[in-house]
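I opened this entry to look up the nonpolar cores and the pockets. My notes follow the structure.

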Amino acid sequence: MNGWNGKFLRVDLTRGKAVAQEYDANLARNFLGGRGFAVKILWDELKPGTDALSPENKLVFAAGPLTGFSLPSSGKLVVAAKSPLTGGYGDGNLGTLATIQLRKAGYDAIVVEGKAKKPTVLWIEDDKTELLDGKEFWGLGAFETEKKIKEERGKTVGVLAIGPAGENMVKFANVVSQEGRAGGRPGVGAVMGSKNLKAVAIKGSKTMPAADPKELKTIGVEALREVLKKPNYAFWKRQGTMSTVEWSQQNSVLPTHNFREGVFDQADAIGGFTLEKLKVSQRGCPECNMTCGNVIKDAGGEPSELDYENVAMLGSNIGLGDLKKVATLNRLADNYGVDTISLGNVIGFAMEASEKKLLKEKIEWGDYEKAKALTEDIVYRRRTGSLLADGVHSAAEKLGGDASRWAMQIKGLEISGYDCHAAPAMALSYGTSSIGASHKDAWVISWEVSFGRESYEEAKVHKVIELQRLRGAVFESLTTCRLPWVELGFELDWYPKFLRAATGMSLTMTDLFTIADRICTLMRAFWVREYQKRWSRAMDIPPARWFEDPLTKGAFKGRKLDRKRYDAMLQLYYDKRGWDSRGIPTKKTLTKLGLGDVATELGRFVQLSA
Ligand code: SF4
């Protein structure tokens, strides 16, 4: 095989064994890599109903056929497992040297199962694999863990680590690398912790097989140059995703006070231009010349890498209008290994619950000291933190009252940084995202704002599906960063060229969309198999707040979503996807996508429509 290494590393922590396994080339042809590999492995190998924090759950680290080659923004890795937060398919991607090293060690993915008897570090050096005693790292933050491993094993080693949040199985703990790159927000870090796996460290020295190495090198150089020539490049380098704070404020979508509003009085104080004044350096993922990680010194003088999502969720959403303080919360979260988006969401929820006297503890909007203490309490599962550590859905159920109305989650995953009172397409994107309320599959908000906010028309459904195909499946499976295309307009037709030079396969965008539909449909099948009779279209509907509590400020004052029209859009979405009125793929759709075996298996758990 060219492009792919054709091998997985299988690690059984219970038995203390690791073996290399060749996989069928059809897997690569049908699922590409990254997210495609992860969902296929989890579908095939997990027993339905597996406890996500049990040794039986599997942890997948998967790269794609473009990973590790010198191509724009190609240093991404997908980390996946059945999610302890949502009970469904869970994954995320992060930029990390570990993904390059993994591919150079000769593997496309690592699949970890079982549970180690004691804290362990998985060490991979080309064909050699060892399970090292991880006792000295247990209890350390993700940053210190990586630093120590690098001191022992060398600076070029790629490290994926969890912090105390993963060890304590906080259900939105993630996997961290390079002091600020993190992925797996639906609790992939908790799954790692449940297996006593503190870190994975990788060093590889092999040459990855490419179909046409000369061509790959030539177009790689050309493409990297092309990125630099894009008109928006200079401004992107100044602010990265942080300019979105001002954009969201202007368009009334900046999540504020637990998504009650879309505008924040102190937005400027946490925006891109404030960042520019405070910026001390820039970081990026490997193989990327866009380096969007903007670093400032936080309130304690420590470096903290910021982007839009963490600033929106730990800033406006909790009423905190001080970028340095936001940066402190962000750095703590990254080092503890807890997702910044979910953290900002649950803290906002706690502030509102306190205001409504559902919580005895007084936690006022914008109270930085309380937010800091709450972050630590969540990570160590203490006091109110233990209530919040299982996520906002669980906290709302435990608190009772009307808390579920304003617990801002879908399918159990906390909603990320866009308010949707007046953005029906973005609400649909959150509603139908494959891991719960994530913006990453279909970031349709910027298109929607220019297209027209108020409508619920068919074009919006098409756009959501198109973006889910591109962002949620093609980019996640190749596995490369989508931002060159999204932010700079780097043309999509580069990607089939990259694939051809790497793998020898000539795939058109239409072919890639068919693969994307297969991946999206399999992720949906995974959810349905897990939820079985508990599955319904209600799983794809945002919380009541967006339908019932209108905005009280800004240009969109008085706006809220229309339930009936959202529902009609959702039905249209199902029709276009070939899913039935419950949001379950039909037999015909599964068969058309080459998932006939999935239809047979899924039919054991729910009645499938023809
Ligand atoms: S654009 Fe940003 S997130 Fe994407 S690969 Fe580059 S540094 Fe990483």
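Before starting, I noted that the model is predicted.

**Cores.** I looked up the largest nonpolar core and found 164 residues in it. Tyr89 and Phe349 have the most contacts inside this core. I then checked which element gives the largest share, and it is helix α22 (residues 509-531), with 12 residues. Apart from this core I found another one, of 28 residues, with Leu9, Leu13, Leu160 and Ile202 among them.

**Largest pocket.** I read a volume of about 470 Å³ for the largest pocket. I listed 22 lining residues, and those nearest the centre are His393, Gln409, Ile410, Lys411 and Gly412. Both α16 (392-399) and β16 (409-410) supply at least two lining residues, and α16 gives the most, with three. Sorting the lining by class, I got 11 nonpolar, six polar and five charged residues.

**Second largest pocket.** Here I read about 250 Å³ of space. The lining has 15 residues, and Gly68, Phe69, Ser70, Met208 and Leu216 lie nearest the centre. Which helix gives the most to this lining? I found that it is α7 (residues 213-229), with six residues. By class, I noted eight nonpolar, four polar and three charged residues in the lining of this pocket.

Terms used
Residues numbered from 1 in each chain as written. Predicted model: local features only at pLDDT ≥ 70, side-chain atom pairs only at ≥ 80, totals over all residues. Heavy atoms only, no water. Core = buried A, V, L, I, M, F, W, Y, C linked by side-chain atoms within 4.5 Å. Buried < 20%, exposed > 50% of the residue type's maximum accessible area, 1.4 Å probe, protein only. Helix = DSSP H or I, 4+ residues; strand = E, 2+ residues; numbered from the N terminus. 1 Å grid on protein atoms, 1.4 Å probe; cavity = no way out; pocket = protein on both sides within 12 Å on 5 of 7 lines; lining within 4 Å. Points joined across faces, edges and corners; volume = space filled by probe spheres on them. Nonpolar A, V, L, I, M, F, W, Y, C, P; charged D, E, K, R; others polar.
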